[in-house]
Amino acid sequence: MLKKSFIFLYFLPVFCFASGTQCGPFLLQSGNDGLMHINGAKPETQKLIFLGKSEDYSNIKMQWIVPANQPGRWLGMDYIKRDGKAILNVQWLRANMNAPRIYGTYDCVRIK
């Protein structure tokens with residue numbers, strides 16, 4: 001069972017995802033609460049890692065755990081942005097380690 005707790009919470013500047021980013025079927029938009037909202041859903045956890053120097057938002061990795069549209073199911077997401085190019089890796093989180101892995105990788109584009 002997943003506890004409702006925040007691993008790390010960083011308040012992103014509004015310019016980082018001001019208009020939104022589309023990664024396959026997932027729409028990423030910053031919320032007023034400092035969290036990234038994925039398809040309108042607030043993540044349970046959010047973690048931000050700078051891949052280069054501190055405060056370099058063109059080289060970041062963000063990780064989220066988001067409730068899926070099926071009850072009791074969760075998605076683990078890794079958003080990776082390097083030198084302006086971004087991808088989103090998504091995996092269904094498994095309750096049983098013998099269950100098959102289900103994952104996908106999506107290219108991301110900014111939307112207005």
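Colleague: Why is the link of C23 and C108 called a disulfide?

Modeller: The sulfur atoms of C23 and C108 lie 2.0 Å apart, and a disulfide is defined as a pair of cysteine sulfur atoms within 2.5 Å, so this pair meets the definition. This is a predicted model, in which local features need pLDDT of at least 70 and side-chain atom pairs count only at pLDDT 80 or more, whereas totals for chains, interfaces and linings use all residues. Residues are numbered from 1 along each chain as its sequence is written, and side-chain values use heavy atoms, with hydrogens and water left out.

Colleague: How many disulfides does a search of the whole structure find, and what is the handedness of the link of C23 and C108?

Modeller: The search finds 1 disulfide, and the link of C23 and C108, with 115 degrees about the S-S bond, is right-handed.

Colleague: Which parts does the pair tie together?

Modeller: C23 belongs to strand β1 (residues 21-23) and C108 to strand β8 (residues 103-110), so the pair joins parts that are 85 residues apart in sequence. Strands (E, at least two residues) and helices (H or I, at least four) are DSSP runs, numbered from the N terminus, and by this definition the protein has 8 strands and 0 helices.

Colleague: Are C23 and C108 buried or exposed?

Modeller: Both C23 and C108 are buried, which means under 20% relative accessible area, while exposed means over 50% and partly exposed lies in between (1.4 Å probe, protein chains only). Of the 112 residues of the protein, 34% count as buried.
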